[in-house]
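Please look over the model below before reading on. The paragraphs after it go through some of its packing step by step.

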Amino acid sequence: MALTEVDRSLLARCLEHHPGAWRDFVDRFIGLFVHVVNHTAHARSVRLSSDDIDDLCAEVFLTLLADDFAVLRRFRGRCSLATYLAVIARRVVVREIARRRKAEALGHVPAHKASLDRAGSGPVHERRIDDEDEIQAMLAGLGERDASVVRHFHLEGRSYSEISQLMGIPENSIGPTLARARGRLRQQNVKS
């Protein structure tokens with residue numbers, strides 16, 4: 001697909017710093033970047049939170065803005081602008097996911113804050129519950145081991161890794177334990 005006149009004009013306006021041009025650019029391509037982020041993460045079996053998607057889109061935009069639009073200035077118009085931007089976005093997302101994974105593996109990022117989980121190969125972190133009454137209701141009827149996992153995660157704010165080390169249980173058993181506890185809570189709420 002060739003470069004359209006609409007995209008050519010939008011690109012020229014951005015590079016010339018016309019008022020409102022960047023906002024128009026963002027409005028036009030944000031959907032593309034969200035799609036690229038989701039597709040790239042899915043292809044790499046990585047689950048993303050909505051915050052991760054926002055962060056990765058922001059990284060793409062920062063890359064485009066860097067050095068007075070250097071990446072956009074290198075565009076030669078041999079394909080559509082959307083195709084060019086999709087390639088740039090994919091490279092940024094792959095690099096950022098790899099960087100975050102490396103930081104997490106080296107212990108530079110707490111596991112509960114990293115939130116980039118490999119689908120099927122690691123724990124999918126549960127959303128923390130802030131309501132203490134809801135947590136107490138969840139604890140009712142749980143065995144001591146499961147109740148300890150729930151307490152460590154929801155009340156003490158510990159990561160899966162920390163819980164695993166404290167309790168001497170596999171890290172990949174923590175997510176299912178929390179999910180079962182949440183499922184019991186839902187069942188109790190339905191019965192009430």
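Leaving aside its neighbours within four places in sequence, which residues is Leu 64 in contact with? In this predicted model, the residues in contact with Leu 64 beyond those neighbours are Trp 22, Phe 25, Phe 33, Phe 69, Ala 70, Val 71, Leu 72, Leu 85 and Ile 88.

Leu 64 also belongs to the largest nonpolar core, a set of 31 residues. Leu 64 is among the residues with the most contacts inside this core, together with Phe 25, Phe 33, Leu 72, Leu 81 and Leu 85. Two or more residues of the core come from each of helix 1 (5-15), helix 2 (21-43), helix 3 (50-73) and helix 4 (81-105). The helix that gives the most is helix 3, with nine residues. Another core, of 15 residues, lies apart from this one, and its members include Ile 135, Met 138, Phe 153 and Tyr 160.

Next come two packed helices. Such a pair is described by the angle between the axes and the distance between the axes. For helix 7 (residues 144-155) and helix 8 (residues 160-167), the angle is about 140° and the axes are 10 Å apart. Angles over 145 degrees would count as roughly antiparallel, so helix 7 and helix 8 are oblique to each other. The crossing of helix 7 past helix 8 is right-handed.

On the side of helix 7, the contact is made by Arg 145, Ser 148, Val 149, His 152 and Phe 153. Helix 8 contributes Tyr 160, Ile 163, Leu 166 and Met 167. Sorted by class, the residues of this contact are six nonpolar, two polar and one charged.

Definitions and conventions. Residues numbered from 1 in each chain as written. Predicted model: local features only at pLDDT ≥ 70, side-chain atom pairs only at ≥ 80, totals over all residues. Heavy atoms only, no water. Core = buried A, V, L, I, M, F, W, Y, C linked by side-chain atoms within 4.5 Å. Buried < 20%, exposed > 50% of the residue type's maximum accessible area, 1.4 Å probe, protein only. Helix = DSSP H or I, 4+ residues; strand = E, 2+ residues; numbered from the N terminus. Contact = heavy atoms within 4.5 Å. Axes fitted to C-alpha atoms, helices over the stretch in contact; angles between N-to-C directions. Parallel < 35°, antiparallel > 145°, perpendicular 65-115°, else oblique. Left-handed = near helix turned anticlockwise from the far one by under 90°. Nonpolar A, V, L, I, M, F, W, Y, C, P; charged D, E, K, R; others polar.
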